[in-house]
Each structure stands twice: as structure tokens, then as C-alpha cells.
Amino acid sequence: MSVELLDTGTVHGCLHLPDGEPRGAIALTHGAGSNRDAKILQVMCDRFAEQGLLALRYDLPFRRRKPKGPPQPARAAEDRSGVADAAAALRERHTGPILIGGVSYGGRQTSMLLADQPEVADALVLLSYPLHPPGKPEKARTEHLPGITVPTVFVHGARDPFGALDEIRAAAALVTGPTALLEVPAAGHDLSRAKTDPSDAAVTAVLDLLRDSL
């Protein structure tokens, strides 16, 4: 396995290359306070490449505009366009199944894109989905979830303040396509700080859900 830089002009990231011909491809992006070098993205892309997938970790447009600071809600549509560009970049390199996803904010924007444009990818991976702001369960971000028709895997910490596991289960039930939930014991919102590396189990959950298509 090796890693190479990818810069198409619209997509800036790192490709983790599997040994041999890929059997699938996945693009993962970061949360509001991070970038493509987030530890959880690096280990997840390593694990996916070890399982024969071409794995891309990439920066969203807001992070390319500024190296630090949160995204601007008024420009979230630009980030969703960045997700679509990443999926398209993978389709130019691979003709098999395309998976997309991300951490927290990146995962939410990816899920919103797939709810609106299901043809963009064949599956969705949500790491620490930010179901609601901490302490504000009444502001659940679930309106678009019924529009998601592709297989979806949630990877979520048991102590994540952005959504309790019972809340995530209820949210996953709104997704129209098949779903799976991987619970990460004792982990908060930052999965890279989990006591046990969740990447192997997360990749296994994804591969199990997509057993017939990968």
C-alpha cells in the first residue's frame, strides 16, 4: 500500500492505494475543526486500502479557503459540491462501487448530498454524525435522512454529546436504505481518541453491509 497526493484543481487530498486492482473506492472527508490529515481519516483510509479499496481523504472547499476556523453555514452548498467533485474524481479512476462519507460536519454534508443526488455514490459512511448540537436534542438534523436510499453505516461513540446511541438508532431508522450502526465504547465525538482504534471494526461493518456489491 502507498499514498499519493491528488490535486485535480477542485479536489485536494491523499489517495491510499491498495495492492492490486481496487474492488471499490471510498472518499472520506473531515469535520468542521479539522482537515484531510485528521488521524481517524488516515487510519480509516489505511484499513480500507488494506481491504482492497482505493481510499481518498480530502479537504472540503471551506478548508481550502482557510487553514483554520469553522465552515460558514451560508456556504455549505459549496462543501456539498466539493463532496460531489471527490466522488467524480474517484469515478474517473475506478468503475466499481463508490462509497463516500466523512466525520461530523463532513459526514452531514455528504449525507445531505446523497439525499438530494443518490446517483453520486453507492454507499455512505458516517463517522460521528452530528445529530444535534450538544445539549439540544430538539434541534435534530434528520429532515433529509428519509431521502437516503443507499446502504449507510454509522460509526458512533457511546459518549458522543452530539447524539446518544439511542438517538442515533432512531435516526438510522429514518434512512430508506439498509443501515448498520457500529458503537464505539467509551468514545466521545473525536473517534481518534477512542481507547480502542475503531477503524478495523468500522471497515468490517461497511464490508459486511456491502458484501454483495464489493
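User: Why is Ser 104 called buried?

Analyst: Its relative accessible area is 11%. Buried means under 20%, partly exposed lies in between, and exposed means over 50% (1.4 Å probe, protein chains only). At 11%, Ser 104 therefore counts as buried. The model is predicted: local features need pLDDT of at least 70, side-chain atom pairs count only at pLDDT 80 or more, and totals for chains, interfaces and linings use all residues. Numbering starts from 1 along each chain as its sequence is written, and side-chain values use heavy atoms, leaving out hydrogens and water.

User: What makes the backbone of Ser 104 stand out?

Analyst: Phi is near 50°, a positive value in a residue other than glycine. Most residues other than glycine have a negative phi. Ser 104 sits in the loop between β5 (98-103) and α4 (105-116).

User: Which phi does Ser 128 have, and where does it lie?

Analyst: Ser 128 has a positive phi of about 55°, although it is not a glycine. Its place is the loop between β6 (123-127) and β7 (152-157).

User: How do you know whether Ser 128 is buried or exposed?

Analyst: The relative accessible area of Ser 128 is 0%, so it is buried.

User: What does Ser 128 touch?

Analyst: Contact means heavy atoms within 4.5 Å. Leaving aside neighbours within four places in sequence, Ser 128 is in contact with Ser 104, Val 155, His 156, Asp 160, His 189 and Leu 191.

User: What makes the pair of Ser 128 and His 189 a polar contact?

Analyst: A polar contact is a pair of N or O atoms within 3.5 Å; within protein, one must be able to donate a hydrogen and the other to accept it, and residues adjacent in sequence count only if both atoms are side-chain atoms. The side chain of Ser 128 reaches the backbone oxygen of His 189 at 2.8 Å. That distance is within 3.5 Å, so the pair qualifies.

User: Which backbone atom does the side chain of His 30 reach?

Analyst: The backbone nitrogen of Leu 60, at 3.0 Å. His 30 lies in the loop between β3 (24-29) and α1 (39-50). With a relative accessible area of 0%, His 30 is buried. Beyond four places in sequence, it touches residues including Tyr 58, Leu 60, Phe 62, Val 103 and Tyr 105.

User: How do you know that Leu 56 is buried?

Analyst: Its relative accessibility is 0%, which means that it counts as buried. Leu 56 lies in strand β4 (residues 53-58). Among the residues it touches, not counting those up to four places away, are Leu 6, Val 11, Ile 26, Leu 28, Cys 45, Ala 86 and Leu 90. The C-alpha atoms of Leu 56 and Ala 86 are 8.3 Å apart, across 30 residues of chain.

User: How many helices and strands does the chain have?

Analyst: There are 6 helices and 8 strands. Helices (H or I, at least four residues) and strands (E, at least two) are DSSP runs, numbered from the N terminus. The order is β-β-β-α-β-α-α-β-α-β-β-α-β-α.

User: Why is the chain called as compact as a globular protein of its length?

Analyst: The globule rule is 2.2 Å times the number of residues to the power 0.38, and the radius of gyration is taken over C-alpha atoms. For 214 residues the rule gives 17 Å, and the chain has 16 Å; the values are close, so the chain is as compact as a globular protein of that length. Of its 214 residues, 52% count as buried. Residues 24 or more positions apart account for 72% of the contacts with a separation of 6 or more.
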